[in-house]
Amino acid sequence: MKVSRIQEAENHERILDVATRLFRERGIDGIGVSDLMKAAGLTHGGFYGHFKSKEDLVAQACARAVLRMRQNWTNVIDQATGDPLEALAATYLTPKHRDATGRGCPMAAIGSEIARQGPHVRRAFTDELRPFLDYLSRNVHGKSNNSRRQTALATYAGLVGALIVSRAVDDPDLSNEILSAVANTMHTKEVERSQSKTSPRSSRLPVPKSRTKHSSRSRKS
């Protein structure tokens with residue numbers, strides 16, 4: 001029985017959706033094509049009608065996962081009423097996100113595996129991540145484009161690293177502590193930035209001693 005183009009497109013989307021979830025849950029090498037197609041409710045034989053190879057599927061699945069992460073993070077930043085970094089930390093560094101590996105951040109889930117994949121996969125991952133880093137750089141505080149870029153990169157790496165470590169430890173209390181520590185650090189930095197902006201510079205400058213003495217003599221005379 002010939003599958004319609006509409007059904008074929010729906011099957012393609014289903015395979016990609018299942019792949020993005022299972023790769024994050026089990027790892028790229030943790031599930032084969034046969035089991036993946038079974039999870040999608042399709043036969044193994046139909047796989048190569050959609051993808052050239054498993055590597056091709058991995059590249060497309062990773063690109064989709066990063067694209068959706070980018071869309072989610074952009075929504076958080078756009079809707080933030082205060083500092084965007086605090087808003088990101090409040091949604092990213094949570095036990096709920098930590099425990100939802102299959103639907104969470106792809107970089108935290110399979111970033112180390114992406115580094116060992118071929119150039120096709122790494123390029124697809126990079127091409128989807130780069131626009132978000134550029135966007136984040138335009139939405140953080142900084143005195144120059146370079147300083148904002150550095151803040152954006154460090155923030156992204158800090159968020160991802162905190163999530164990875166919180167998942168790696170087997171102590172729930174320590175895991176929660178790691179998430180809270182990074183989130184609190186971002187909050188502290190924002191408070192410091194706000195204070196440095198609102199505090200008048202003149203209040204931080206000492207009055208020269210010679211001027212004080214001169215003023216005193218003038219009042220006596």
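**Reading the labels**

Analyst: Glu 25 and Arg 21 are both part of helix H1 and sit 4 residues apart, about one turn of the helix. This is a predicted model, and the mean pLDDT of the protein is 86, with 83% of its residues at 70 or more.

User: Why is the contact between the side chains of Glu 25 and Arg 21 called a salt bridge?

Analyst: The N to O distance is 3.7 Å. The cut-off is 4 Å between a side-chain nitrogen of Lys or Arg and a carboxyl oxygen of Asp or Glu, so the pair of Glu 25 and Arg 21 qualifies.

User: What makes Arg 21 partly exposed?

Analyst: Arg 21 has a relative accessible area of 23%. Buried means under 20% and exposed means over 50%, so Arg 21 falls in between. Glu 25, with 43%, is partly exposed too.

User: Which parts does the salt bridge of Asp 17 and Arg 68 tie together?

Analyst: Asp 17 forms a salt bridge with Arg 68, and their closest N and O atoms are 3.1 Å apart. Asp 17 lies in helix H1 and Arg 68 in helix H3, so the pair ties together parts that are 51 residues apart in sequence. Both residues also belong to a network of salt bridges that links Glu 13, Asp 17, Arg 64 and Arg 68.

User: Why is the aromatic pair of Phe 47 and Tyr 48 called edge-to-face?

Analyst: A search of the whole structure finds 6 aromatic pairs. In the pair of Phe 47 and Tyr 48, the centres are 4.9 Å apart and the planes are at 85°.

User: How do you know whether Phe 47 and Tyr 48 are buried or exposed?

Analyst: Phe 47 has 0% relative accessibility, which is under the 20% limit, so Phe 47 counts as buried. Tyr 48 has 54%, which is over 50%, so Tyr 48 is exposed.

User: Which residues have the most contacts inside the largest nonpolar core?

Analyst: They are Phe 23, Leu 57, Tyr 92 and Phe 132, in a core of 52 residues. H3 gives the largest share of this core, 10 residues. Phe 23 touches several residues beyond four places in sequence, including Leu 57, Val 58 and Ala 61. Tyr 92 is one of the buried residues of H4, and Tyr 92 and Phe 132 form one aromatic cluster with Trp 73 and Tyr 156.

Key: Residues are numbered from 1 along each chain as its sequence is written. This is a predicted model: local features need pLDDT of at least 70, side-chain atom pairs count only at pLDDT 80 or more; totals for chains, interfaces and linings use all residues. Side-chain values use heavy atoms; hydrogens and water are left out. Rings of Phe, Tyr and Trp (its six-membered ring) pair if their centres lie within 6.5 Å; planes under 30 degrees apart count as stacked, over 60 as edge-to-face and the rest as tilted. Buried means under 20% relative accessible area, exposed over 50%, partly exposed in between (1.4 Å probe, protein chains only). A nonpolar core is a set of buried Ala, Val, Leu, Ile, Met, Phe, Trp, Tyr and Cys residues joined through side-chain atoms within 4.5 Å. Helices (H or I, at least four residues) and strands (E, at least two) are DSSP runs, numbered from the N terminus. Contact means heavy atoms within 4.5 Å. pLDDT is the predictor's confidence in each residue, from 0 to 100.
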